[in-house]
2 protein chains.
Amino acid sequence: MKKKIIVDMDGVLADVYPRLFDIHEKETGDRLSAEDIAGKLEEEAFPNQRRWVSEPGFFRTLPVMEGSRKVLEKLNKEYDIIVVSLATEFPNSLTDKLMWLKEHFSFISWKQIVFCGDKSLIKADIMIDDHPKNLDNFAGKTYIFTQPLNLHNNNSKHTRVNSWAEIEKILIP
Amino acid sequence: MKKKIIVDMDGVLADVYPRLFDIHEKETGDRLSAEDIAGKLEEEAFPNQRRWVSEPGFFRTLPVMEGSRKVLEKLNKEYDIIVVSLATEFPNSLTDKLMWLKEHFSFISWKQIVFCGDKSLIKADIMIDDHPKNLDNFAGKTYIFTQPLNLHNNNSKHTRVNSWAEIEKILIP
């Protein structure tokens, strides 16, 4: 039986930080760097983040994370892939996120997509995520995808990956 | 620890059939009854159903199933309730369904909501659903909520419930 992998969207498939830096600069005139906000959650790093992500369209036009499409398509042949996104807090995000996945990851079927408010509801063997809150209580193997919010995370339970090229090296035999 | 219940939306919390009968009559002039379509899936009973449910707005204005709000609010105190809806096939349904839940079931937090394409991903103790395809492979206790599509279902694994009043009698001690 294929192993099941839970793959996160924001910060893993969708490259959300460049967009957050841009909007923050536009609103405040201040260009932040990853080091400026290292270890802070998005809503701590960007005080207006909740307003931005509540608006229709925010998630529809995010850039695709470098290398993610090619590697996820390979993983999709070797593993049971489930794309799981914490999305039910923001009603407008849902349709945008699904349309975005259909556009950029058309090989992922609608049966492989979960939008929820608590990832611990979903059982799997492997999790790839940038949020320690999702990874810490996951029973299987955990990969922490480097993003500013987790730069200072040293939990030895998680294997750090800095790119989809690294994920490919580890997970594709 | 509280037992976890997966509660379906369409046909269980949202009273979808009256709307399907109405649209079908409007388009064809033919008023169907529950007996006319007994045992048929929605898409078999209503050939245009997929077009209807793909349009923005369809799920936003469905009537609330009689008694569901009052009983689910009671269950929400005694059990871990997760509202799980097969929704990722239809992008426009997602935001509509979440707004509908926020309006009519405001006591259900966004952390208790899952939109997915395969309910077998979610583990729980009890499932209340109208679709045998969701109930048949569920490992826990199953309640089949009477709707036309399951009128002829005689799977002895499932306990049939005809109303939220019956669910209350069974599940509230």
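Predicted model: local features only at pLDDT ≥ 70, side-chain atom pairs only at ≥ 80, totals over all residues.
## Where the chains meet

Let's start with the meeting point. On one side there are 23 residues of chain B, and they are in contact with 23 residues of chain A. Put together, the two chains bury about 2200 Å² between them, and 68% of that is on carbon and sulfur atoms. On the chain B side, three residues lose the most area to chain A: Pro91(B), Trp110(B) and Leu121(B). Together they account for 29% of what that side buries.

So much for area; what about polar partners? Six residue pairs are in polar contact between chain B and chain A, counting pairs with both residues at pLDDT 80 or more. The number of salt bridges between the two chains, on the other hand, is zero.

## Who supplies the surface

Two elements of chain B each give at least two residues to the side that touches chain A: helix H5 (91-104) and strand E3 (113-116). H5(B) provides the largest share, with seven residues. Sort the residues on this side of chain B by type and you get 13 nonpolar, four polar and six charged.

Strand E3 has a partner across the boundary. E3 of chain A (residues 113-116) is joined to E3(B) by three bridges, and the two strands run antiparallel. If you want to find one of the pairings in the structure, look for Cys116(A), whose bridge partner in E3(B) is Val114(B).

## How the copies are related

## Strands inside chain B

Chain B has strand pairings of its own. Strand E1 (residues 4-7) runs parallel to strand E2 (residues 80-86), with four bridges joining them. Here Lys4(B) stands opposite Asp80(B) of E2(B).

E1(B) also pairs with strand E4 (residues 126-129) of chain B, again in the parallel sense, this time over three bridges. Val7(B) has Ile128(B) in E4(B) as its bridge partner.

## A look at Ile172(A)

Over in chain A, where does Ile172(A) sit? You'll find Ile172(A) in the segment after helix H7 (164-171). Leaving aside neighbours within four places in sequence, Ile172(A) is in contact with Lys74(A), Leu75(A), Glu78(A) and Ile167(A).

Glu55(A) is another story: Ile172(A) and Glu55(A) are 117 residues apart in sequence, and their C-alpha atoms are 37 Å apart in space.

Note on methods:
Residues numbered from 1 in each chain as written. Chains lettered and ligands numbered in written order. Heavy atoms only, no water. Contact = heavy atoms within 4.5 Å. Buried area = accessible area lost by both parts, 1.4 Å probe. Salt bridge = Lys/Arg side-chain N within 4 Å of Asp/Glu carboxyl O. Polar contact = N/O pair within 3.5 Å; in protein donor to acceptor, adjacent residues only side chain to side chain. Nonpolar A, V, L, I, M, F, W, Y, C, P; charged D, E, K, R; others polar. Pairing = 2+ DSSP bridges.
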